[in-house]
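Reader: I have the complex open and want a quick tour. Can we go through it piece by piece?

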Amino acid sequence: MKPAPFAYARARSLAQAVDLLAQDDARVLAGGQSLIATLNMRLSHPALLVDINEIDALGGISLRNGELMIGALTRHVEAERSAEVARHAPLIALAMPHIGHPAIRNRGTIGGSVAFADPAAELPACLLALGAQIDITGPTGSRTVVADEFFKDLFETALGARDVLTAIRVPAATTANRVGFAEFARRHGDYAIAGLAATARADGKHFADVRLAYFGVGSTPVRARHAEAALANGDVDAAVVALVQDLDPPDDVQATGAVKGHLAGVLLRRVARQLMEPRP
Amino acid sequence: MSERFHEIAVTVNGEEVRERVDARKTLVDFLRENLALTGSHVGCEHGVCGACTVRVEGAVVRGCLMLAVQCDGKRVETIEGVADSAEIADLQQAFVTRNALQCGYCTPGMLLTAQELLASGGVPSREAIRIHLSGNYCRCTGYQAIVDAVEAVAKARAGERA
């Protein structure tokens, strides 16, 4: 199908973007890899698209004060090829090849993926596992929201109608940090049937600060807190059993909730093995 | 500023084109309807099938997930341009030799996507080729012959470089 008519404006600065978003039914257009699909299917019919692609200040990857900052307009392909991301945010580097296909990654942006917040998408779960901070600028100024409070409900986030997500920040990994990532998808690059992004800190023979963030199993990425506690004690079997307390996956077009629940356990075993290996 | 219709100047296959476009017109519809470049195909129109693949600023993109108005000032290449320049003559020949197409609907997108992998150098594994082409559906061949063709070209180009 073809999109319903809309007006289009190219913002030259963040301030201009926020001003333009004051218009009713205005939407931010970044990489467009989800938004334009929904326009084509007429699931979305904004009055105005505010294109932020020419705002240079929203790009770039940098290490500052022990945090890796990834500008919202960073294309997936840039993050995928970035030595900084591989070194300081290895979880994001692991997830990146699973996000869409090459043509999608050439165009899609980090900020767009997080702001769209598809519950089956990889990056939102990675941010949740990493305890990332999300920088936002809106009509009243700038603020930061932690990942645990950012994803509210199905495609609903802490972003308001006039807010622009400007960057994400994750703590730079140290040698004690372990990460794991796995997903099931029908075709490589498609949205996952179920997936898991995980971080932990090696603490002798045990783990500390285990964070398990599932995707494709609910309305948002979901922390499996009971399983986290069991895994911190080094008991993978108990962690798999504990998942029933953490997850209640609904049926969707890809799989039943029961299948997703089973897959969650398989993913946990795979990811637990990855967490046990020291970083190279 | 916030208008529905926009004047754009786009370099398509090396030639500058000036057109007035509706903001809602996708890049692939612009190429097909305004410029009669019908080598780029329209399949699913929501980014799943890859039939509309074109290059913008040298990188492959979904022609259905980018608006024509966003290409103002940009360089766009379609299968027509890339075929005319002979950049992928060896890949096209390999597709014929290996029977890597039947109906041909996916072929322009398949060629452009494969060329991006081949241009990055080296001889990718069959698994890497399959992963790279995962976003391009072919409903005829079962992919085996496509992977054969891409692999053959990778080896031939590596041989020429050696």
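**Working through the complex**

Author: Start with His101(A). Leaving aside its neighbours within four places in sequence, His101(A) is in contact with Gly189(A), Ser134(B) and Gly135(B). This is a predicted model.

Reader: Where in chain A does His101(A) lie?

Author: His101(A) is in the loop between α5 (90–95) and α6 of chain A.

Reader: Is His101(A) buried or exposed?

Author: Buried. His101(A) has 26 other C-beta atoms within 10 Å, and the cut-off for buried is 20 or more.

Reader: What separates the C-alpha atoms of His101(A) and Ala83(A)?

Author: 21 Å, with the two residues 18 apart along the chain.

Reader: Now the contact between the chains. How many residues does each chain give?

Author: Chain A gives 29 residues and chain B gives 28 residues.

Reader: Which elements of chain A supply at least two residues each?

Author: On the side of chain A that touches chain B, they are β1 (7–10), α2 (35–40), β3 (48–51) and α6 (102–105). By class, that side has 16 nonpolar, 9 polar and 4 charged residues.

Reader: What ipTM does the predictor give the complex?

Author: An ipTM of 0.96, with a pTM of 0.95.

Reader: And what is the mean pLDDT of chain B?

Author: The mean is 97. In chain B, 99% of the residues reach 70 or more.

Reader: Switching to domains. What does the assignment give for chain A?

Author: Domain 1 (7–51), domain 2 (56–171) and domain 3 (177–276). The C-alpha centres of domain 1 and domain 2 of chain A are 19 Å apart.

Reader: How many residues of those two domains of chain A are in contact?

Author: 11 residues of domain 1 of chain A touch 20 residues of domain 2 of chain A. Helix α1 (residues 14–20) of chain A brings the largest share of the domain 1 side, 3 residues. That side of domain 1 of chain A divides into 7 nonpolar, 4 polar and no charged residues.

Reader: How is chain B divided?

Author: Into domain 1 (5–82) and domain 2 (86–161). Over C-alpha atoms, the centres of these domains of chain B are 22 Å apart. Their contact takes 13 residues from domain 1 of chain B and 13 residues from domain 2 of chain B.

Reader: Which elements of chain B are on the domain 1 side?

Author: β3 and α2 of chain B each supply at least two residues of the side that touches domain 2 of chain B. The largest share, 3 residues, comes from β3(B). That side of domain 1 of chain B has 7 nonpolar, 5 polar and 1 charged residues.

Reader: Next, helix α6 of chain B. What span should its 18 residues have?

Author: 26 Å, at 1.5 Å a residue. The end C-alpha atoms of α6 (residues 144–161) of chain B are 26 Å apart, so the two agree.

Reader: Which residues of α6(B) are buried?

Author: Ile146(B), Val147(B), Ala149(B), Val150(B), Val153(B) and Ala154(B). Seen down the axis of α6(B), the buried residues fall within an arc of 160°, so they line one face of the helix.

Reader: What covers the buried residues of α6(B)?

Author: The cover includes α3, α4 (107–119) and α5 (126–132) of chain B. On the other side of α6(B), Lys155(B) and Gly159(B) are exposed.

Reader: Backbone check. What is phi of Glu45(B)?

Author: Near 60°, a positive value in a residue other than glycine. Glu45(B) is in the loop between α1 (27–34) and β3 (53–56) of chain B. Glu45(B) is buried, with 23 other C-beta atoms within 10 Å.

Reader: And phi of Asn99(B)?

Author: Near 55°, a positive value in a residue other than glycine. Asn99(B) lies in the loop between α3 and α4 of chain B. Asn99(B) is partly exposed, with 14 other C-beta atoms within 10 Å.

Reader: Last one. Why does Ser85(B) count as exposed?

Author: Because Ser85(B) has 12 C-beta neighbours inside 10 Å, and 12 or fewer counts as exposed. Ser85(B) is in the loop between α2 (79–84) and α3 (89–97) of chain B. The C-alpha atoms of Ser85(B) and Glu16(B) are separated by 17 Å, at 69 residues apart along the chain.

Conventions
Residues numbered from 1 in each chain as written. Chains lettered and ligands numbered in written order. Predicted model: local features only at pLDDT ≥ 70, side-chain atom pairs only at ≥ 80, totals over all residues. pLDDT = per-residue confidence, 0-100. Helix = DSSP H or I, 4+ residues; strand = E, 2+ residues; numbered from the N terminus. Expected span 1.5 Å × (residues − 1). Arc of directions from axis to C-beta. Contact = placed C-beta atoms within 7 Å. Nonpolar A, V, L, I, M, F, W, Y, C, P; charged D, E, K, R; others polar. Domains from an automatic or database assignment.
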